[in-house]
Amino acid sequence: MTRGLKVTALHIVELLVALAARGAVGYLGDVKAFVENVPAMPVLGYSYLKFAVVLALIGWLKVRGARFSDYGFRNFGPVWLFVVIVLATLATGVIVPSVLDSVLSAYFEMAPRDLGRFTGLVSNLPQFLFVMPFVWIFAAFGEEFFYRGFILESVRTILGGGNAAMVAAIVVQAVLFSAAHAYQGPAGMIPVGVGAIVSGFLYWAGGRRLWPLILGHGIVDTIGLSIIFTGGTP
């Protein structure tokens, strides 16, 4: 087997194992015996186990000598570009759901996003303050690395690199990211998927850097949960 084939095979195995591990956490969350014996976090459920998969993945990549710059952990790049990507991420997080919510409601008699898992935050300051740091760790950092960093870059490498491979990888990670938000129902998954595609292209445009996406993701989630805390709908 040539070196190129070995590298491709390694990335395929890594990708499949990582997806299986994250999927297993989601599956266990529906198993009664597991739920009765393993504590879930308020609002965030078993997100801490999904983040444990991310930590294990980072540890594995470190052990095998991977360059983390190949997974989006590069320098911050030019300040102006960093700011532009952050602002674009914020705009995407605000505009895409607003526009698509109206379109989906008007043309497809679709039930609104199911945000029931967040109702415990309404007017609950202690829980809001407890949850927020983990949102930055699990969602902003964990999800951006897992989807825009690891999955996107793994698929791009498996497909041979190049522009076509990057576009395909952006679509794949967006589909998987959307599926991970199935708890919001179709009306939530569609905006999430579209936003993930935009984020994928922003990652590419920003020189394949995760930092501005992590910051933007964290701010968007902070705004959204703050709105829920005050009794609104983001």
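Arg148, Leu152 and Glu153 in helix H5 meet Ala196, Ser199, Gly200 and Tyr203 in helix H7, where contact means heavy atoms within 4.5 Å. By class, this contact of H5 with H7 has three nonpolar, two polar and two charged residues. Here Ala, Val, Leu, Ile, Met, Phe, Trp, Tyr, Cys and Pro count as nonpolar, Asp, Glu, Lys and Arg as charged, and the others, Gly among them, as polar. The model is predicted: local features need pLDDT of at least 70, side-chain atom pairs count only at pLDDT 80 or more, and totals for chains, interfaces and linings use all residues. Residues are numbered from 1 along each chain as its sequence is written, and side-chain values use heavy atoms, with hydrogens and water left out.

**Helix packing**
- The axes of H5 (residues 125-158) and H7 (residues 186-205) come within 11 Å and cross at roughly 80°.
- H5 is therefore roughly perpendicular to H7, a term for angles of 65 to 115 degrees.

**Nonpolar surface patch**
- Val167, Val171, Val175, Ile197 and Phe201 make a nonpolar surface patch of about 360 Å².
- Patch residues have over 30% relative accessible area and no salt bridge, and nonpolar side chains are joined within 5 Å.
- Helix H6 (162-179) gives the largest share of the patch, three residues.
- Isoleucine 197 lies in H7.

**Salt bridges**
- The count comes to six salt bridges, each a side-chain nitrogen of Lys or Arg within 4 Å of a carboxyl oxygen of Asp or Glu.
- In one of them, glutamate 14 meets arginine 64 (2.3 Å, N to O).
- Because glutamate 14 lies in helix H1 (residues 3-28) and arginine 64 in the loop between helix H3 (47-63) and helix H4 (79-107), the pair ties together parts 50 residues apart in sequence.

Methods: Axes are lines fitted to C-alpha atoms, for helices over the stretch in contact, and angles run from 0 to 180 degrees between N-to-C directions. Helices (H or I, at least four residues) and strands (E, at least two) are DSSP runs, numbered from the N terminus. Angles under 35 degrees count as roughly parallel, over 145 as roughly antiparallel, 65 to 115 as roughly perpendicular and the rest as oblique. Patches are made of residues with over 30% relative accessible area and no salt bridge: like charges are joined within 9 Å, nonpolar side chains (Val, Leu, Ile, Met, Phe, Trp, Tyr) within 5 Å. Accessible areas come from the Shrake-Rupley method with a 1.4 Å probe; for residues, only the protein chains shown count as cover.
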